[in-house]
Amino acid sequence: VLRGRERMDLAAATTAVGVLVGVSGAVVARVVDGSVTGFVTAAVVAQFVVAGLAVTLAARTSRPYGWVRTWAPAFGRTIWAEARPFAGMVVASAAAASAGVLSLKFAGDDLATGQYAAANRIGEALRLAPAALFGAAFPAMSRGIHLSYRYSAGVRLLVGVMAAASALTILLADRIVEVVFDGFEDSAVLLRILALGVLPALARLRWSFELIADGAERPVARLAFVGARSEEHTSELQSH
């Protein structure tokens, strides 16, 4: 609801509050006993806080002069037909993201799995940056902002920034892995390879968001499944 009303400021505020709650809870868990249960509990509490705050702000935004609930989903055939492509994209993306680690786990060894997982975790952060920006701009794309010169100029700037971030990651991969993980030295080579894929990922994100904004979500869903299948084959080859 907040995204649909283009209130990305409120959406960002809910996420920031959740981050603060989660990090504070993790610090408390570390001081108290340092158990995995404490860290997981902190993350779940943060999710509840984000959900509650988002509902409150969405209700207030939808009806400025009252707190009555103004929208409730009715999951009929029409809603499912519209939601099905998006559900497919989520499934395909999850499969693609997990294919590498799972393939190495089953066909490789624990050391290789750990090295890949460490490098991929940092690589995910690089890919999430443009995804977050396109996600923030997506509500405005429904009214054609992606057809404007200002949007195109912003994308060019984003490409330049991500190219620089990719280059720095390649140059400083050893130091980054050392600081973040204090180990997994061999992950630096994998991180450099993953950094090369940042710009292609940015291109995929851009055209996917723009196609969905233009009502072509079904082709994007099909491409997501093709990409997930390709990722699975690539991971199998790497593990062998």
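I call a residue buried under 20% relative accessible area, exposed over 50%, and partly exposed in between, with a 1.4 Å probe and protein chains only. I am working on a predicted model, in which local features need pLDDT of at least 70 and side-chain atom pairs count only at pLDDT 80 or more, while totals for chains, interfaces and linings use all residues. Residues are numbered from 1 along each chain as its sequence is written, and side-chain values use heavy atoms, with hydrogens and water left out.

**Entry 1: overall make-up**

I looked up the secondary structure and found 9 helices and 0 strands in the protein chain. I take helices (H or I, at least four residues) and strands (E, at least two) as DSSP runs, numbered from the N terminus. Buried residues account for 28% of the 240 residues. The chain exposes about 15200 Å², and 67% of that comes from carbon and sulfur atoms; the areas are by the Shrake-Rupley method with a 1.4 Å probe, and for residues only the protein chains shown count as cover. I then looked at contacts (heavy atoms within 4.5 Å). Of those between residues at least 6 apart in sequence, 71% join residues at least 24 apart.

**Entry 2: nonpolar cores**

I define a nonpolar core as a set of buried Ala, Val, Leu, Ile, Met, Phe, Trp, Tyr and Cys residues joined through side-chain atoms within 4.5 Å. The largest one has 12 residues, among them L126, F134, M141, Y151, V155, L202 and F209. Helix 4 (110-141), helix 5 (149-171) and helix 8 (198-213) are the elements that each give two or more residues to this core. A second, separate core has 7 residues, including I122, A173, V177 and L194. In soluble globular proteins, nonpolar side chains tend to be buried together.

Which residues does V155 touch, its neighbours within four places in sequence left aside? I find F134 and R206.

**Entry 3: salt bridges**

My rule is a side-chain nitrogen of Lys or Arg within 4 Å of a carboxyl oxygen of Asp or Glu. The count by this rule is 6.

I checked D174 and R192, whose side chains form a salt bridge at 2.6 Å, N to O. D174 belongs to helix 6 (residues 173-181) and R192 to helix 7 (residues 187-196), so this pair ties together parts 18 residues apart in sequence. D174 is partly exposed at 46% relative accessibility, and R192 is partly exposed at 25%.

R175 pairs with E178, with the closest N and O atoms 3.3 Å apart. Both residues lie in helix 6, 3 residues apart, or about one turn of the helix. E178 is partly exposed, at 44% relative accessible area.

E210 and R206 form another salt bridge, the closest N and O atoms being 2.9 Å apart. They are 4 residues apart in helix 8, so about one helical turn separates them. Is E210 buried or exposed? E210 counts as buried, at 7% relative accessibility. R206 is partly exposed at 22%; R206 is also the residue I listed as a contact of V155.

**Entry 4: T61**

I located T61 in helix 2 (residues 36-62). At 18% relative accessibility, T61 counts as buried. A polar atom of the T61 side chain lies 2.7 Å from the backbone oxygen of L57. With neighbours within four places in sequence left aside, T61 is in contact with L2, R5, R7 and L10.

Definitions and conventions:
Polar contact = N/O pair within 3.5 Å; in protein donor to acceptor, adjacent residues only side chain to side chain.
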